[in-house]
Amino acid sequence: EDFLNLIFKAMMKDSLNSSHPVSSAVQSSEQIEEMFDALSYIKGASLLLMLQHYLTKDVFQAGIEVYLHNHKYGSARSDDLWDSMNEITNGTLDVKTLMKTWILHKGFPLVTVVRQGKNISVQQEKFLYHLETENWTSDGSYLWHIPLTYITSSCNFTHCPNAYLLDQKSGM
């Protein structure tokens, strides 16, 4: 419950246009210090939980083990973690591309789901809690790769989750 409260606080900060991405290029030690705030840690943890849920615990754990093995006693970049996950998924999912849409963009998407009979359509757009006109920048290029999971009447969430990757502005 405490973690969930932290997530909502981080999302509130991240929903402002003055937010920052989890990962970005820095030029000075001051910029490095600015990057290590609650938003980076909580959003980062949330993104790892999202990835673990999408890949399944076993696949995610195997990716972490490959990452730790490949980089023991050395340094690593964020791409190294995604590359380790890609090794485990054997090219069935480009984890690096998926995760870069989350860590290199500030903010998060609002996903709208519309049901028309048996058809479901989904659409994404950047969520902004409060438009700060002095800091406003166009977000038309924002596109997240959003792993969506769902259940149907023929199965429940723990036994046969279905997954859909929304990697466009809208999909069916």
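**Helices α3 to α6: a short walk-through**

I'll start with α6. Its buried residues (under 20% relative accessible area, 1.4 Å probe, protein chains only) pack against α3, α5, β1 (109-116), β3 (146-150) and β4 (162-166). Those buried residues are Val95, Leu98, Met99, Thr101, Trp102 and Ile103. The helices (H or I, at least four residues) and strands (E, at least two) are DSSP runs, numbered from the N terminus.

A word on the source. This is a predicted model, where local features need pLDDT of at least 70, side-chain atom pairs count only at pLDDT 80 or more, and totals for chains, interfaces and linings use all residues. Residues are numbered from 1 along each chain as its sequence is written, and side-chain values use heavy atoms, with hydrogens and water left out.

Next, α5, residues 78-89. At 1.5 Å a residue, its twelve residues should span 16 Å, taking 1.5 Å times one less than the number of residues. The end C-alpha atoms are 17 Å apart, which agrees. Buried here are Asp79, Asp80, Leu81, Trp82, Ser84, Met85, Asn86 and Thr89. Their cover includes α3 (38-55), α4 (57-70) and α6 (95-103). After α5 comes asparagine 90, with a positive phi near 50 degrees.

How do α3 and α4 pack? Their angle is about 120 degrees, with the axes 6 Å apart. Axes are lines fitted to C-alpha atoms over the stretch in contact, and angles run from 0 to 180 degrees between N-to-C directions. On the α3 side, Leu48, Leu51, Gln52 and Leu55 meet Lys57, Val59 and Phe60 of α4, contact being heavy atoms within 4.5 Å.

Terms used: Buried < 20%, exposed > 50% of the residue type's maximum accessible area, 1.4 Å probe, protein only.
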